[in-house]
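Open the structure in your viewer and keep the selection tool at hand. This tour makes a few stops.

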Amino acid sequence: MTSIPNKTFLNFIVLGGTTEQKIAATAAAGFDQAEIWREDVEAYGPGAPALAAHLQESDLALADIMVLRDFAGAPAHLRDEKRAQAIQMMDIAVSIGADCVQSPAITLLDCEPDKIDEDLRWLARQAATRGLRIAYEPLAWAVLDYTVPHAWERLQRVGEPNIGIVVDLFHVCTRQRPVEDLHGIPLEQIYQVQLSDLTEPVTPDNLEHLIDTARHRRVLPGQGYFDTSSFIQYLLEAGYQGPVGVEVFSDELKAQPAELTARQAMAALKDVWRQ
């Protein structure tokens with residue numbers, strides 16, 4: 001298999017074991033970066049500075065830290081709590097050497113749509129004071145901004161230079177969106193591309209089933225029915241230079257030894273991310 005021209009990352013959600021074991025497995029499999037969760041940081045006993053040193057010693061950078069949920073557009077009674085969570089998340093990011101925090105589109109039915117732009121501007125400006133970027137991800141089950149064009153239109157309106165798009169082909173494909181959704185987005189504003197797959201059909205018409213499947217039964221890219229080739233071809237031919245990685249929520253893969261899962265993830269990534 002040929003090497004991948006982009007930086008590669010593995011989301012720790014696919015791995016079982018301790019944070020130390022996840023770092024070792026990801027580095028040994030040849031990934032350049034890890035997508036780490038706040039829970040991974042909190043589970044690392046020696047603390048955040050030691051974790052930053054451990055990652056550096058392992059030659060493993062961080063793609064981002066996850067995940068600031070349901071932030072932009074949160075209802076009024078949650079706004080102060082969400083902003084406090086955001087500050088905590090950004091401070092953790094700085095302490096472990098991450099330069100990006102991921103915050104997906106809101107999923108709360110009682111959200112306040114007219115506050116989303118304001119909240120994203122606040123978040124981006126707070127991040128900028130810490131040298132951070134914000135990765136905004138459209139989710140297939142979000143109340144708003146559930147497609148890449150919707151999310152990109154919002155970010156253009158928000159107008160902050162340090163907030164960009166996550167292109168997660170799971171959410172794109174489950175919404176049955178075309179590759180044209182990516183056209184017109186400056187490549188530097190695509191902060192990362194996430195890959196996974198499914199073997200069982202899901203549709204946005206049954207969000208409960210979609211979400212349950214998404215959180216427990218994804219498979220590695222190329223092992224299901226998603227046709228991602230046109231998206232990958234477009235990004236490669238357009239000259240996308242950002243990171244690409246594997247984000248698979250799978251109870252089955254998580255139960256395996258971390259080293260085995262990480263190797264399988266790298267093999268799957270190399271198999272699909274090619275011209």
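Which residues are buried in helix α8 (residues 207-216)? Select the helix and find Leu210, Ile211, Thr213 and Ala214. Buried means under 20% relative accessible area, exposed over 50%, and partly exposed in between (1.4 Å probe, protein chains only). Helices (H or I, at least four residues) and strands (E, at least two) are DSSP runs, numbered from the N terminus.

Before going on, note that this is a predicted model, in which local features need pLDDT of at least 70, side-chain atom pairs count only at pLDDT 80 or more, and totals for chains, interfaces and linings use all residues. Residues are numbered from 1 along each chain as its sequence is written, and side-chain values use heavy atoms, with hydrogens and water left out.

Next, select aspartate 40 in helix α2 (residues 38-42). Aspartate 40 counts as buried because its relative accessibility is 5%. Aspartate 40 touches Phe12, Thr19 and Lys22, leaving aside residues up to four places away in sequence. Threonine 18 is 22 residues from aspartate 40 in sequence, and their C-alpha atoms are 7.9 Å apart.

Last, select valine 101. Among the residues that valine 101 touches, not counting those up to four places away in sequence, are Ile65, Leu68 and Met89.

Key:
Contact means heavy atoms within 4.5 Å.
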